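Have the sequence and the model open as you read.

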Amino acid sequence: PNTAWNSCSRLSPYLSFGHISLRFVQHSLQQRQETLRKMKSQGLTVGPWLKSLQAFSSRLHWRSHFIQKLESEPTMEKQDLCPAFQDLRRQEGDWNDSYYQAWETGKTGFPFVDACMRCLEEHGWINFRMRAMLVSFACYNLFLDWKGIAPHLARVFLDYEPGIHYPQLQMQAGTTGINSMRVYSVTKQGKDQDPTGKFIRRYVPELERVPDVYIHEPWKMPQSIQQQCRVKVGKRESKQVERGWSWYPDPIVQEQESARIAKAKLIDIRKQEATQAMANQVYLKHGSRNHQSNQMNNRVIGVGALPSVAASTLSSEKLRQPTIKEMLVDTTTTGNKKCKDKPTTSAIPVATARKRTFSSMIVPNKKDSSQCSVVPPTKRSKTESSGSSNIAISSKNSSWNCKRCTFLNENKPYGLVCSMCGMERESYPRKDFRWFVV
């Protein structure tokens, strides 16, 4: 947090409020990268900037990734992404209002946590790692429901963006079903990120006279040191503190024990077969296909949210959802050449049907070989029986992709609207269907 003010771009508030466009940032980034590459090719020193800009580019992509998550699953704002966790932290007695008040006001007794929260209250911004630590501490150590802490963080974040806010809250709280548990040791984080206590002393002035050796764990200070520092650590016996003295509370929970209990409760839910089945559905829709991301979240075959069934689904070319580029394949050709569709059998199994694109629904128009038209469902069955070389579609197990949101509507051969976005499906052709083909 000490170097984040100069190491981060801090463009997030301007992107969130639309003062600057993501396209402009990306374009400017690419221009700068190209300039640095030319300088490097000429033997000039460019330092670590190319690596840093590449990392920045990655964060821009992840930003869009999380925004897309909320757009494709709006219920994420109010419901757990993995339904198996719907009762977690919501049993009677789980919500502790005194814990919440201490966390919200930065008086938990953990100096680094309190400093981060007070910094956030003062500036409306803090770097991502510290944000994640605040959520992790609230959800694991204090065992507070992520829906209960969401409004306060949304209020204090100057760069509040719902598409990032709610997916990240659920990820840090461990309710997505597809991410590893992110439990931070807040004391260790303080020692690693603020070894001299500079950040703590800036935002927790009660501890400004505490020696470095106790700055992260002031509750360990002997009475003699407290006398020298004129700091009272522990229970506040009276409302008034002696003039010239400061007061700081004891930790409201035992850090290691509270984290152990919370992790045990999550593990009990995660290891159930029903949870893994639900998590697989979440992964297939929202999970990153990046190999590095799978390793980071401990997604391996047979374990967690990626068992052998899901792994084979993702690794199989036949079972993957088509990309936008594949769905917008140009099936028209110039001249008198006919539109080409790959021949197939009269009945396509569900696994193969998932790979079909818009081109598989389009067959040559008899009147004009340069045009293509969609075969209505009633005519498709005749096409199958006639043994035509056009793509055949099973009347029972066919799927189709929405042309607007690309969602795969499975086992709905005669569906009139997309199940995801409600876009009407173009089932029957017009006389001139060239506008449909890209």
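## Terms and source

Buried means under 20% relative accessible area, exposed over 50%, and partly exposed in between, with a 1.4 Å probe and protein chains only. This is a predicted model: local features need pLDDT of at least 70, side-chain atom pairs count only at pLDDT 80 or more, and totals for chains, interfaces and linings use all residues. Residues are numbered from 1 along each chain as its sequence is written, and side-chain values use heavy atoms, with hydrogens and water left out.

## Loop residues

D145 is buried, with a relative accessible area of 10%. D145 sits in the loop between α7 and α8. Helices (H or I, at least four residues) and strands (E, at least two) are DSSP runs, numbered from the N terminus. Leaving aside residues up to four places away in sequence, D145 touches R89, R90 and W95. Contact here means heavy atoms within 4.5 Å. D145 and Q170 are 25 residues apart in sequence and 9.9 Å apart in space, C-alpha to C-alpha.

Most residues other than glycine have a negative phi. R89 has a positive phi, near 65 degrees. R89 belongs to the loop between α4 (49-72) and α5 (97-105) and is buried, at 4% relative accessible area. F143 also has a positive phi, near 55 degrees. F143 lies in the loop between α7 and α8 (146-156), and counts as buried at 11% relative accessibility.

## The buried face of α10

Helix α10 spans residues 186-193. Its buried residues are V186, T187, Q189 and G190. Seen down the axis of α10, they fall within an arc of 160 degrees, so they line one face of the helix. The arc is that of the directions from the helix axis to the C-beta atoms. The cover over these buried residues includes α6 (111-123), α7 (128-141) and α13 (255-270).

## Packing of α7 on α10

α7 and α10 pack at about 165 degrees, with axes 11 Å apart. That makes α7 roughly antiparallel to α10. Axes are lines fitted to C-alpha atoms, for helices over the stretch in contact, and angles run from 0 to 180 degrees between N-to-C directions. Angles under 35 degrees count as roughly parallel, over 145 as roughly antiparallel, 65 to 115 as roughly perpendicular and the rest as oblique.

Which residues meet across α7 and α10? From α7 come R129, M130, M133 and F137; from α10, V186, Q189 and Q193.
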